[in-house]
Structure formats: structure tokens, C-alpha cells
Amino acid sequence: MRPQIVLFGDSITQQSFRSGGWGASVADAYSRKADVVLRGYGGYNTRWAMFLLHHLFPLASEAPPPAAVTIFFGANDAALLEGTGKRQHVPLEEYKENLRKMVQHIKSRSPKTLVVLISPPPIDLEGRQEYARSLYGDKASKLPDRTIEDAGIYAEQCVALAKELGLPSINLWSKMQETNGWQKKFLSDGLHLTPEGNAVVFGELVKILDAGGFSDLPYDFPQHSEIDEENPGNSFFQECAAVL
């Protein structure tokens with residue numbers, strides 16, 4: 001079996017297999033080397049995602065554990081209590097502890113699993129308001145559902161936890177703001193990612209995965225140029241024997 005890379009997160013993960021998505025790019029980068037498994041849940045926060053852990057990452061299973069897992073939550077946890085996303089809000093300390101419990105659960109099955117924490121992105125308030133008006137017109141709420149400041153606080157705690165646990169992380173909140181005009185370049189609705197925003201996630205993630213040895217994974221069967229056209233069965237027999 002190919003090793004698995006599981007992408008676990010909210011809507012930014014759920015949408016990552018769309019055209020230009022970062023998940024699709026990861027699948028392409030490790031084609032025939034690893035299987036990329038999408039486990040994204042739109043609208044979820046870490047509190048709700050905790051109920052999925054034993055289903056997605058069972059501790060008692062005969063299947064091999066994932067080789068790598070990305071945990072990408074926080075955009076919904078950081079929703080404001082006084083805004084339209086208040087039901088998704090999770091207090092900062094609970095958010096951090098939920099991430100910790102997720103990592104501990106995954107590592108309890110396999111300490112060797114590479115876990116990568118990804119912070120929420122920055123928020124473009126103007127983009128969020130434009131998106132709300134496009135949906136609801138004059139009935140759109142005047143109160144913001146998220147702010148860049150609050151997203152930054154949650155991103156900071158995500159990265160701090162990764163450092164505490166000795167895990168790699170991607171501070172998407174900071175990384176995106178290094179580029180002028182990031183608001184429209186990287187965010188489609190003030191929160192979700194454009195193809196360019198997806199490319200930022202992919203670029204940062206593939207650096208971590210390659211450093212973890214994923215670029216050196218072998219192909220699952222011989223390249224076509226390596227198959228003996230006179231006796232093709234011999235090429236596959238040798239491949240299977242090497243695996244065994």
C-alpha cells in the first residue's frame with residue numbers, strides 16, 4: 001500500500017481538491033508515491049471536529065496509520081461572538097487544547113506520523129462584506145463575522161503549540177501578508193482561497209513533506225521505461241520481490 005497523507009480541516013481543506021486547490025496539488029506532487037485522503041468539513045470548528053477523531057483515526061485498526069496528517073482549523077473558531085458566525089466561535093484556550101488533543105490522538109496511534117499544523121489565514125474585512133452583500137443584498141449584516149486581528153491571535157496560538165510539541169507548522173496568517181495586495185490576490189471572499197492562495201499553502205506544505213522524506217518515496221510500480229518489453233512479467237516480479 002502507498003503511504004497516506006490525510007488532510008484534516010474545515011472548508012479550506014474541503015475545497016482543496018477544486019481546480020487549483022492545494023490538496024489536488026499535493027496529490028499531483030506525490031502521484032504514485034502516496035495517496036492523499038481528503039477529510040475537510042465545511043463550517044467545522046475544533047470543538048465539532050473532536051467528535052470525528054475516532055472515526056477518522058481509529059486507534060484499533062489493522063490498516064497502516066497515516067504517514068502524514070495536516071490539521072488546518074481556526075478560521076471558524078475565531079469567528080466573533082457578536083457576528084453571524086457566533087455559533088462557530090470557540091474560545092482561544094479551548095481551540096489550542098483541542099489542537100493538542102488532536103495531535104496526541106494521532107501520535108498515540110503512530111508516533112512516527114508527521115503532523116503539520118496550519119494556522120487560519122488572515123481576514124479581509126472588505127472582502128467579507130462584499131461577499132455578504134452579494135448573497136443577501138441590503139439584508140446583509142453590518143457586523144463583521146471575523147477580523148484579521150482575531151484570526152492572528154488564533155494563528156499565533158496554533159504556531160506556538162506546534163513549537164511546544166516539536167511539530168512543523170505553517171503560519172498562513174503571516175505568510176500571506178508578506179505579499180502586497182494579498183487581500184484580493186489570495187482570498188476569494190475575504191476568507192477562502194483563490195488559486196494563488198492555494199499555491200501558498202501548497203508551496204509551504206510541500207517543503208515540510210519533502211524535508212520529511214516524501215520526495216524520496218519510491219514509485220509503487222516500475223516506470224514504463226523500466227519495463228522489459230520482451231518479458232514484462234519479469235519487471236513486475238522483481239518489483240514485488242523487492243517489496244516483500
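Buried means under 20% relative accessible area, exposed means over 50%, and partly exposed is in between, with a 1.4 Å probe and protein chains only. By that rule Tyr41 is partly exposed, with a relative accessible area of 22%.

Now the ground rules. This is a predicted model, where local features need pLDDT of at least 70 and side-chain atom pairs count only at pLDDT 80 or more, while totals for chains, interfaces and linings use all residues. Residues are numbered from 1 along each chain as its sequence is written, and side-chain values use heavy atoms, with hydrogens and water left out.

Let me start with the overall picture. The chain has eleven helices and five strands. Helices here are DSSP runs of H or I with at least four residues, strands are runs of E with at least two, and both are numbered from the N terminus. Along the principal axes, the C-alpha atoms fill a box of roughly 70 × 35 × 30 Å. Of the 244 residues, 44% count as buried.

Next, the aromatic rings. A pair of aromatic rings is described by the distance of the centres and the angle of the planes. Rings of Phe, Tyr and Trp (for Trp, its six-membered ring) pair if their centres lie within 6.5 Å; planes under 30 degrees apart count as stacked, over 60 as edge-to-face, and the rest as tilted. How many aromatic pairs does a search of the whole structure find? The search finds seven. One of them joins Phe8 and Phe57, edge-to-face, at 5.6 Å centre to centre with 70° between the planes. Phe8 sits in strand β1 (residues 4–9) and Phe57 in the loop between α4 (53–56) and β3 (68–72), so this pair ties together parts that are 49 residues apart in sequence. Is Phe8 buried or exposed? Phe8 counts as buried, because its relative accessibility is 0%. Phe57 is buried too, with a relative accessible area of 6%.

Another of the pairs is Tyr41 with Tyr44, which is tilted: 5.4 Å centre to centre and 40° between the planes. Tyr44, at 26% relative accessibility, counts as partly exposed.

On to the core. A nonpolar core is a set of buried Ala, Val, Leu, Ile, Met, Phe, Trp, Tyr and Cys residues joined through side-chain atoms within 4.5 Å. The largest one has 31 residues, and those touching the most other members are Ile5, Trp22, Val26, Tyr30 and Leu209. Two or more residues come from each of β1, α2 (22–29), β3, β4 (114–118), α8 (172–176), α9 (182–186) and α10 (195–211). Which element gives the most to this core? Helix α10 does, with six residues.

Now the pockets. On a 1 Å grid over the protein atoms alone, a pocket is an open set of points where a 1.4 Å probe fits, with protein on both sides within 12 Å along at least five of seven lines; lining residues have an atom within 4 Å of a point. Grid points are joined across faces, edges and corners, and a volume is the space filled by probe spheres set on the points. For the lining classes, Ala, Val, Leu, Ile, Met, Phe, Trp, Tyr, Cys and Pro count as nonpolar, Asp, Glu, Lys and Arg as charged, and the others, Gly among them, as polar.

The largest pocket has a volume of about 470 Å³. Its lining has 24 residues, and Thr84, Arg128, Tyr131, Asp145 and Arg146 lie nearest the centre. Helix α6 (residues 125–136) supplies the largest share of that lining, seven residues. By class, the lining has eight nonpolar, ten polar and six charged residues.

The second largest pocket has a volume of about 320 Å³. Of its 18 lining residues, Gln4, Leu56, Pro64, Pro65 and Pro66 are the closest to the centre. This lining splits into twelve nonpolar, three polar and three charged residues.

Last, one backbone detail. Arg32 has a positive phi of about 70° although it is not a glycine. Arg32 is in the loop between α2 and β2, and is partly exposed at 25% relative accessible area.
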